[in-house]
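The following note comments on one structure, point by point.

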Amino acid sequence: GFASKLLITIILTTIGFRYLGALISFFLTYVIISIMRLDLSYFNKKESIKDGKLFSYALPAFLTSISSTIIGYGHYIILSILKNVSITGIFAVSFTISNIITLFPAVLTSALFPIMSSLSVRKNSENSRGYLLALVVRYSLLLIIPMSFLLILFSKYAVLLFSRPDYITATAYFPLLIPGAVFFSLANLFGLMIYAVGKPKIQRNITILAALVFISTSIDLFRGSFK
């Protein structure tokens with residue numbers, strides 16, 4: 001599905017759709033993903049939910065998703081309001097490149113999530129869960145710390161690889177954004193594991209608190225930091 005996003009964007013932009021090509025591909029990508037995941041047999045099942053466990057997980061997850069969206073995309077809106085779209089674009093380049101290092105922990109987290117979830121319903125599984133979590137944290141750090149140093153050292157080449165020379169000033173934000181991406185990837189790992197072991201409300205509270213801290217501090221910090 002996401003491979004189609006890249007392909008459709010390149011094709012539509014090349015034939016003259018410009019920024020509309022990215023918008024159209026964004027919409028079509030999720031249509032394609034939805035069709036690929038759709039199973040009509042779901043609509044033929046008549047089982048009913050006999051307890052409220054589904055909603056005890058779904059409602060906290062819904063609030064967590066909203067808070068995560070604020071943390072993940074709110075800076076673009078705030079920067080556009082406080083500054084201008086040029087600064088937002090430069091920041092977006094730096095932010096996107098910095099986020100590359102979060103892909104490796106995200107893959108390991110996705111692999112660990114169903115294992116941790118299945119272990120959470122077993123008795124005396126604390127040692128196994130602790131071992132697996134520590135293992136994923138170690139491998140994540142082993143991958144992202146060297147890559148973080150490489151991105152900082154070769155930041156100019158990274159920017160030129162993914163964007164135009166006009167955005168070379170994006171390298172100024174790397175020393176802050178890259179360590180932030182490291183902490184964010186680990187925080188995302190721990191947050192999802194809290195959800196996997198059956199504590200969705202704790203994950204919700206942590207994410208909402210983080211979103212409130214972000215909103216309360218970002219306006220003044222963005223106003224003074226980006227010239």
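1. How exposed is proline 179, and what is its relative accessible area? In this predicted model, proline 179 has a relative accessible area of 32%. Buried would require under 20% and exposed over 50%, so the residue falls in between and is classed as partly exposed. Proline 179 is located in helix α8. Its C-alpha lies 17 Å from that of serine 218, a residue 39 positions away in sequence.

2. The mean pLDDT of the protein chain is 86, and 93% of the residues reach 70 or more. Among the elements, the highest mean pLDDT, 92, belongs to helix α8 (residues 174-196), whereas helix α1 (residues 2-17) has the lowest, 85.

3. As to overall architecture, the protein chain comprises 9 helices and 0 strands, giving the pattern α-α-α-α-α-α-α-α-α along the sequence. Its C-alpha atoms fill a box of roughly 55 × 40 × 35 Å along the principal axes. Of the 227 residues, 29% count as buried. Among contacts with a separation of 6 or more, 71% are between residues 24 or more positions apart.

4. Two packed helices are described by the angle between their axes and the distance between the axes. For helix α3 (residues 53-82) and helix α4 (residues 85-98), the angle is about 160 degrees and the axes are 9 Å apart. Because this angle is over 145 degrees, α3 is roughly antiparallel to α4. The crossing of α3 with α4 is right-handed. On the α3 side, the contact involves Gly72, His75, Tyr76, Leu79 and Ser80; on the α4 side, the partners are Ile87, Thr88, Phe91, Ala92, Phe95 and Thr96. By class, the residues of this contact are 6 nonpolar and 5 polar, with no charged residue.

5. Helix α4 also packs against α8, with an angle of about 40 degrees and axes 9 Å apart. The two helices are therefore oblique to each other, and α4 passes α8 in a right-handed crossing. From α4, the contact draws on Phe91, Ser94, Phe95, Ile97 and Ser98, and from α8 on Phe174, Leu177, Ile178 and Ala181. The contact of α4 with α8 contains 7 nonpolar and 2 polar residues, and no charged ones. Phe91 and Phe95 are listed in the contact of α4 with α3 and in that of α4 with α8.

6. Helix α8 has a further partner in helix α6 (residues 126-153). The axes of α6 and α8 come within 10 Å and cross at roughly 165 degrees, and the helices are therefore roughly antiparallel to each other. Their crossing is right-handed. Helix α6 contributes Leu133, Val136, Val137, Leu141, Ile144, Ser148, Leu151 and Ile152, while α8 contributes Phe174, Ile178, Val182, Ser185, Leu186, Leu189, Phe190 and Met193. The contact of α6 with α8 divides into 14 nonpolar and 2 polar residues, again with no charged residue. Phe174 and Ile178 of α8 belong to the contact with α6 and are also named in the contact with α4.

7. Serine 67 and threonine 207 may be considered together. Serine 67 lies in helix α3, and threonine 207 in helix α9 (residues 200-225). Serine 67 has a relative accessibility of 7% and therefore counts as buried; threonine 207, at 12%, is likewise classed as buried. Leaving aside residues up to four places away in sequence, serine 67 touches Thr207, Ile208 and Ala211. With the same exclusion, threonine 207 touches Thr64, Ser67, Ser68 and Ile71. The C-alpha atom of threonine 207 is separated by 8.2 Å from that of glycine 191, which is 16 residues away along the chain.

8. Apart from residues up to four places away in sequence, threonine 102 touches Ala181 and Ser185. Ala181 is one of the α8 residues in the contact with α4, and Ser185 is one of the α8 residues in the contact with α6.

Technical notes: Residues are numbered from 1 along each chain as its sequence is written. This is a predicted model: local features need pLDDT of at least 70, side-chain atom pairs count only at pLDDT 80 or more; totals for chains, interfaces and linings use all residues. Side-chain values use heavy atoms; hydrogens and water are left out. pLDDT is the predictor's confidence in each residue, from 0 to 100. Helices (H or I, at least four residues) and strands (E, at least two) are DSSP runs, numbered from the N terminus. Buried means under 20% relative accessible area, exposed over 50%, partly exposed in between (1.4 Å probe, protein chains only). Axes are lines fitted to C-alpha atoms, for helices over the stretch in contact, and angles run from 0 to 180 degrees between N-to-C directions. Angles under 35 degrees count as roughly parallel, over 145 as roughly antiparallel, 65 to 115 as roughly perpendicular and the rest as oblique. A crossing is left-handed if the near helix is turned anticlockwise from the far one by less than a right angle, and right-handed if clockwise. Contact means heavy atoms within 4.5 Å. Ala, Val, Leu, Ile, Met, Phe, Trp, Tyr, Cys and Pro count as nonpolar, Asp, Glu, Lys and Arg as charged, and the others, Gly among them, as polar.
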